[in-house]
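Please look over the model shown here.

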Amino acid sequence: MSPQYRKKIVVVGHGMVGHRFVQAAVERGLTETHDIVVVGEEPRPAYDRVVLTSFFEVGAEALSFLPEGEYDDPRVRLVLGTEVEGFDPETRTVLLDGGEVVQYDELVLATGAAPFVPPVPGHDLPGCFVYRTIEDLEAIREAAAGASVGAVIGGGLLGLEAANALRQLGLETHVVEMAPRLMAVQVDDAGGATLARHIESLGLSVHTNAMTSAVVEGADGRAVGLALKEAATIPAEVVVFSAGIRPRDALARAAGLDLAERGGVLVDEQGRSSDPHVWAIGECAAPGGRMYGLVAPGYAMAEVAVDAMLGGPGAFTGADMSTKLKLMGVDVASFGDAFATTPGALELVYSDAVAGVYKKLVISEDGTRLLGGVLVGDASAYGVLRPMVASGIALPDNPEDLILPAGRGAADIGLPDEAQVCSCNDVSKGDIVAAAAAGETTRAGSTCGSCKVQTKKIIEDYYASQGQEVDRSICEHFPLTRQELFDVVAVHGHRSFDQVVEAHGTGRGCDVCKPVIASILASQLNGHVLEGDRRTLQDTNDAYLANIQRNGTYSVVPRIPGGEITPDKLIVIGEVARDFGLYTKITGGQRIDLFGARMEQLPEIWRRLVDAGFESGHAYGKALRTVKSCVGSTWCRYGVQDSVQLAIDLELRYRGLRSPHKLKGGVSGCARECAEARAKDFGVIATEQGWNLYVGGNGGATPAHARLLAGDLDRETLIRYLDRYLMYYIRTADRLQRTAPWIDSLDGGLDRVREVVVDDALGLGSELEAAMARHVDTYFDEWKATIDDPEKLERFVSFVNAPDVPDPHISFRDERGQIAPEDSSGPVSLGTTIPVGAP
Amino acid sequence: MTTSTDRSTYTAVCRLDQIEVEGGVTALVDGAAVAIFRTHDGNVYAMSNYDPCSRASVLARGIVGTRGDVPFVASPMHKQAFDLRTGQCLDDADVRVPTFDVRVDDGIVLVGPPQEHP
């Protein structure tokens, strides 16, 4: 390579758009000829502001676009925590706040926008915030800790996000909106009213047509309320301003660049300002005089600017301002000509006030094309409808089918290849199909996620068209998934493997499908797992109600609910272990495992344990194992709730529950979380007000932290949500799929679980609760039932013709004062002289 | 009754109804642990109870089923499948478990000499 002068690009601002500019520059080879310096004022690299509210749940790291803190490309230098004081187009220099002067060849302004705070009296009192950065959220969280009431000024998209954050922080929350309806930019009056009803049903107060005249100052100098014009004052110790945004164009203004009338750096279609070496992208820019307050147009501007710097022809000529989001569990979408401003446009409306669903289609005068629409309460059709607007394809004969409940929706509309599916990243259906064919990926669905369902369907359709069905059958004997099997067993009322395989399968089953069907029958019927022909379906652990170990012996785990045990019972366990010569070890689930029991010893061991009041711990089953607890408020000086009592109650409630994989729970008595509840499939953590419920955690090879499903629950609600959550999991998860990957596999992920469990959006709640009640009512200890049944005991022999002769393959050595299995190197013979019993 | 029947090479081990359909039992035959299985189509098979993959005496406790037309037992330890007819491991061509002649007389299961397989 010939030595050549390398040019330098300085990017001011490291938000989502600045980051996308750098990504595109690296990907498209701009860094072959240019060094890039990115200056960001925030202390951390770019992060996902679209899902800012989830910061409370997942933390800053999960939102970050650059968790490593730097770009892989060494030609990109990232300077964080630094403000730009100004720049000089004459000398092409940028002055940083530390005094450093940086020369540039091209300057890219990506300074974004700032929340607009109306200049009402008291707007700067302690207790007043904006909602834009992680630091803002941290400050709001701190203030909320000592407060009980909060208010958000502004009922737009961001304002409702902020209101949700206040609600999650446990505040009684008010939303104050100047306009006659919520989300006035996106939805019409009827849609706004539907949305308001949803939000009010969650306990928030919505005030529309409400002008804030002042923030009221309390005796301590902090905000205590909002004075409204022509309405009563609202109490509010935390006030969040979310009344729109303003482009941050001060640097450009000071440098003498042209600005748009309503603010923003005036740029051409490629992003160039009135100075040809200064560019502006994202919310600080105003292409053609208009600013765009969404991330997708900002991304498009970033790509176009990189293209222009490479000499390409790209142009930004406006953006699809369609929006789809989920606010507090409510779908809201708006696309195309949502307000029917096109001359002659017709409206087609479906409204169900009971279900809280409002859908409107805006259709061209001749009825052939979809122009736009509004969806509230159910936006599942958005993935199909928005591309129909963009691509202009003809409407079907019965356009109402597109919005009627359980309409054909996604299935029947063939999108043309050029239809844009992901508007955030400008990915068309053709791009997705081409990537699937090449085994590559696109960015579709990676920003706001609203097109994920549609993208998945396009990929599945593509594979189906190639004759490659995505095969989720459990094994060769059943062309069904576990969920489908669960449903056919329930619908047909099957009670045995024979019935299931004869009606729905082929062959005689295998080690995969038999335990699945055994588990499904156990979940639905709750009979004894060794009853009738069900015994031969069980894996060996379930078949002998114990855990097989490497030498063919078993371990025994009696249930110790919540990890609480009396000295007398502890002594019994010790005596049993001593008398049968068993190895003992404390488990991670706060109980005691006894190893080295020969199969024929199991009934005697359990007779002793049952007599002492123990019951099966189900350590051998894909079933509830333990609910671990810390010592809680009874003893602990920090505890705020009785975690031991709750753990015992939950363990006794769900004991014996058969599930797709093992299930573990935990209860912590305070936020110190000593029970490690968030490493469990369900974790409960005490708060001052009640209990927070976390779901989807596990340890093991792929550890996962449980995430917050619902907060500050009373005991009764907690148990209702747990009943629903566990039963929904049991019904719909795949074989051997733990709760964390199960949640990830659902369309909508954790939000979907919340819809079903908390919002009861499918109306399944009472059915799931009834299924759990049936389990609780019919529970019995399967070990006690086994030792009381001579027929079941018949199986527990070493040899059918020599029940008392120990298997010679099993032998032990001594290790640290206890037994340890000795490996046998081959088949062992006792010789021919051993007398054996008669058949 | 003694360990041998009148056909001196066969050992009576149990009644047929002591073996569940698609289940197995372990019998002690000439000092060795033998797994005896009963399939859905009424056949009875016998093979060594020793699983060479896990080196433990456990095969009778495995799940019995079919792979295509092949009746098999899956080792309860690590799930390797063994053809009930030949003892051939279906997941590893180099592994085979010895099998035994077996017959049912008057509802009594009798285990005979080891089988030869080509």
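This is a predicted model: local features need pLDDT of at least 70, side-chain atom pairs count only at pLDDT 80 or more; totals for chains, interfaces and linings use all residues.

Helix H11 spans residues 482-492 of chain A, and helix H13 spans residues 513-525 of chain A. They pack at an angle of about 50 degrees. Their axes lie 10 Å apart. The crossing of H11(A) and H13(A) is right-handed.

Which residues meet in this pair, H11(A) with H13(A)? H11(A) brings A:Arg482, A:Leu485, A:Phe486, A:Val489 and A:Ala490. H13(A) answers with A:Val516, A:Ile517, A:Ile520, A:Leu521 and A:Gln524. By class, the contact has 8 nonpolar, 1 polar and 1 charged residues. An α-helix has 3.6 residues a turn, so residues three or four places apart point the same way.

## A covered helix

Helix H8 of chain A, residues 382-391, is mostly covered. Of its 10 residues, 9 are buried. Among the buried residues of H8(A) are A:Tyr382, A:Val384, A:Leu385, A:Met388 and A:Val389. A:Gly383, A:Arg386, A:Pro387 and A:Ala390 are buried too. Just after H8(A), A:Gly392 takes a positive phi of about 70 degrees.

## Where chain B touches chain A

How many residues does the contact take from chain B and from chain A? Chain B gives 36 residues and chain A gives 35 residues. On the chain B side, the elements giving two or more residues are strands E1 (11-15), E2 (23-29), E3 (32-38), E6 (56-57) and E7 (63-67). By class, that side has 18 nonpolar, 10 polar and 8 charged residues.

How values were computed
Residues are numbered from 1 along each chain as its sequence is written. Chains are lettered from A and ligands numbered from 1 in the order in which they are written. Two residues are in contact if their C-beta atoms, placed from the backbone, lie within 7 Å. Helices (H or I, at least four residues) and strands (E, at least two) are DSSP runs, numbered from the N terminus. Ala, Val, Leu, Ile, Met, Phe, Trp, Tyr, Cys and Pro count as nonpolar, Asp, Glu, Lys and Arg as charged, and the others, Gly among them, as polar. A residue is buried if 20 or more other C-beta atoms lie within 10 Å of its own, exposed if 12 or fewer, and partly exposed in between; C-beta atoms are placed from the backbone. Axes are lines fitted to C-alpha atoms, for helices over the stretch in contact, and angles run from 0 to 180 degrees between N-to-C directions. A crossing is left-handed if the near helix is turned anticlockwise from the far one by less than a right angle, and right-handed if clockwise.
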